[in-house]
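The sequence and structure come first.

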Amino acid sequence: ESTPFAETPDEFRLSVAGAVVDSFGRLIAEAYVDLRDHFATEPPKESHPDPSRPGTLLSEATGGLRTWSDAKGAGWIAERRVPG
């Protein structure tokens, strides 16, 4: 039996335009702490529609992103290649 996925909240911060970033364009993780409980029951990545892209919709592009996982949790890291 699979664990149901949490509905994505109608939350502006979860959009590119609404992302809370610092002066260098890096996400400010503390601005999202209140959403942690909402996604706490998210099933393991092996149960996601695309296990290589856990937490994303099949229709979402994930270029420039990679996943990380350690004893403290898991998530995404944005990678930006700077020419030169």
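R53 counts as buried, at 15% relative accessibility, where buried means under 20% relative accessible area, exposed over 50% and partly exposed in between (1.4 Å probe, protein chains only). The model is predicted: local features need pLDDT of at least 70, side-chain atom pairs count only at pLDDT 80 or more, and totals for chains, interfaces and linings use all residues. Residues are numbered from 1 along each chain as its sequence is written, and side-chain values use heavy atoms, with hydrogens and water left out.

**Salt bridges**

R53 forms a salt bridge with D50, a salt bridge being a side-chain nitrogen of Lys or Arg within 4 Å of a carboxyl oxygen of Asp or Glu. By this rule the count comes to four. The table lists some of them.

| Salt bridge | Closest N and O atoms |
|---|---|
| R13 and E11 | 2.7 Å |
| R53 and D50 | 3.1 Å |

How exposed are the partners? R13 is buried, with a relative accessible area of 17%, whereas E11 is partly exposed at 24%. D50, the partner of R53, is partly exposed with a relative accessible area of 23%. D22 is also partly exposed, with a value of 26%.

H48 lies in the segment before β1 (65-70); strands (E, at least two residues) and helices (H or I, at least four residues) are DSSP runs, numbered from the N terminus. With a relative accessible area of 7%, H48 is buried. The side chain of H48 reaches the backbone oxygen of P43 at 3.1 Å. Leaving aside neighbours within four places in sequence, H48 is in contact (heavy atoms within 4.5 Å) with F5, E42, P43, P54 and G55.

F5 is placed in the segment before β1 as well. Is F5 buried, partly exposed or exposed? At 37% relative accessibility, F5 counts as partly exposed. Not counting residues up to four places away in sequence, F5 touches E42, P43, S47, H48 and P49. F5 and L65 are 60 residues apart in sequence, and their C-alpha atoms are 21 Å apart in space.

**The strand pair**

β1 and strand β2 (residues 73-78) run antiparallel and are joined by six bridges; two strands pair if DSSP finds at least two bridges between them. The two strands form a hairpin, with two residues between them. D70 stands opposite G73 in β2. In a regular strand the side chains alternate between the two faces of the sheet.

**The largest pocket**

Rolling a probe the size of a water molecule over the atoms shows where empty space is left. A pocket, on a 1 Å grid over the protein atoms alone, is an open set of points where a 1.4 Å probe fits, with protein on both sides within 12 Å along at least five of seven lines; lining residues have an atom within 4 Å of a point. The largest pocket holds about 2400 Å³ of space, a volume being the space filled by probe spheres set on the grid points, which are joined across faces, edges and corners.

Which residues lie nearest the centre of the largest pocket? Of the 48 lining residues, these are L14, L27, G55, G75 and W76. β1 and β2 each supply at least two residues of the lining, and β2 gives the most, with five residues.

Key. A polar contact is a pair of N or O atoms within 3.5 Å; within protein, one must be able to donate a hydrogen and the other to accept it, and residues adjacent in sequence count only if both atoms are side-chain atoms.
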